[in-house]
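Please walk through this protein with me, from its overall build down to single side chains. The sequence and the structure come first.

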Amino acid sequence: MALHPEGMFTGGPLAHLVGLAAGGPDPLEWEVPRLKRVLRLNHWDAAWREAPQTLASQLDYLSTAFSEEFFATCPEPARRTWRAAAGAKSLPVFMTELAMLLRLADREGDARYEDVPLAAWEVRARFPLLLSLDDWAYDGEFSSYEESLKAFVEAEHPFCSYELIPRLTQALEARTLCADSPAFAASFRVLAPTATPETLDVLVCTTFTHLTEHHG
């Protein structure tokens, strides 16, 4: 079996965070707390089922085991990204400092949206199923979003729960955050324009009714 240890530098939450550090518009001091808000051990997407302390430990290992010989085996775009993120620092020093930021973010809990605004990549990671809620509202075919949603659910039944439950969970979380944080609500309206509070309410009620009646 072929081994690909360079995957530590090319995939997963750490590589995503390093990519943001290398070329993102916002400071790393914002991106680390955003990552903390995304990471959940019960995240519906396995790619984000990590803990900040685990990622920090991985960085500790990478910093102590780092060698230019091994790093040279990584794809050139990945090497360029890591070096751009590190800037004038050596890669081991950058890794150690990034590990410290992750640990600090973990100790402080989730950052408030008033302090660290919601980012587009964060919405894509946490609410991807809410980004195109008008896809089912075909022109002239249904009189309302609710009717189009019911038609979709009926077409997918009895295997609809595989798609309905993740979408319901994301809708409930987004609706709750919109109610709790005006800063989140303002950003979410811009970043997920089809997921209006009214649409989310319809989605939650229609989905919950179907699950209760047919899968309860």
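A residue is called buried when its relative accessible area is under 20%, exposed when it is over 50%, and partly exposed in between (1.4 Å probe, protein chains only). By that rule leucine 28 is buried, because its relative accessible area is 17%.

Two notes on the source apply throughout. This is a predicted model, where local features need pLDDT of at least 70, side-chain atom pairs count only at pLDDT 80 or more, and totals for chains, interfaces and linings use all residues. Residues are numbered from 1 along each chain as its sequence is written, and side-chain values use heavy atoms, with hydrogens and water left out.

Start with the whole protein. It has twelve helices and zero strands. Helices and strands here are DSSP runs, numbered from the N terminus; a helix (H or I) needs at least four residues and a strand (E) at least two. Read from the N terminus, the elements run α-α-α-α-α-α-α-α-α-α-α-α. Along the principal axes, the C-alpha atoms fill a box of roughly 60 × 45 × 35 Å. Of the 216 residues, 39% are buried.

Now look at contacts, meaning heavy atoms within 4.5 Å. Take those between residues at least 6 apart in sequence: 74% of them join residues at least 24 apart.

The surface comes next. The protein exposes about 11,600 Å², and carbon and sulfur atoms supply 57% of it. These areas come from the Shrake-Rupley method with a 1.4 Å probe; for residues, only the protein chains shown count as cover. The protein carries 18 positive and 31 negative charges, and their mean positions are 7 Å apart. Lys and Arg count as positive, Asp and Glu as negative; His and the chain ends are not counted. Each charge is placed at NZ of Lys, CZ of Arg, CG of Asp or CD of Glu.

Move to helix H3, residues 28–38. This helix is mostly covered, with nine of its eleven residues buried.

Leucine 28 lies in H3. Setting aside residues up to four places away in sequence, leucine 28 touches Leu17, Ala21, Pro33, Phe94, Leu98 and Leu101. Leucine 28 and leucine 98 are 70 residues apart in sequence, yet 8.8 Å apart in space, C-alpha to C-alpha. Leucine 35 is also found in H3. Leucine 35 is buried, with a relative accessible area of 1%. From leucine 35 to tryptophan 121 the gap is 86 residues in sequence and 9.7 Å in space, C-alpha to C-alpha.

Next, the aromatic rings. A search of the whole structure finds ten aromatic pairs. Rings of Phe, Tyr and Trp (its six-membered ring) pair if their centres lie within 6.5 Å; planes under 30 degrees apart are stacked, over 60 edge-to-face, and the rest tilted. Tryptophan 82 and phenylalanine 94 form an edge-to-face pair, 6.4 Å centre to centre with 85° between the planes. Tryptophan 82 lies in helix H6 (residues 76–86) and phenylalanine 94 in helix H7 (residues 91–108), so the pair ties together parts twelve residues apart in sequence. Tryptophan 82 counts as buried at 1% relative accessibility. Phenylalanine 94 counts as buried at 4%.

Phenylalanine 127 and phenylalanine 184 are also edge-to-face, at 6.1 Å and 70°. Phenylalanine 127 sits in the loop between helix H8 (120–126) and H9, and phenylalanine 184 in helix H11, so this pair ties together parts 57 residues apart in sequence. Ring pairs also link Phe9, Phe66, Phe70, Phe71, Trp82 and Phe94 into a cluster.

Finish at helix H12, residues 197–215. At 1.5 Å a residue, its 19 residues should span 27 Å, and the end C-alpha atoms are 26 Å apart, which agrees. The expected span is 1.5 Å times one less than the number of residues. The buried residues of H12 pack against helix H9 (145–156), helix H10 (161–180) and helix H11 (182–191). Leucine 211 is one of them, and counts as buried at 13% relative accessibility. Beyond residues up to four places away in sequence, leucine 211 touches Leu164, Ile165, Leu168 and Gly216.
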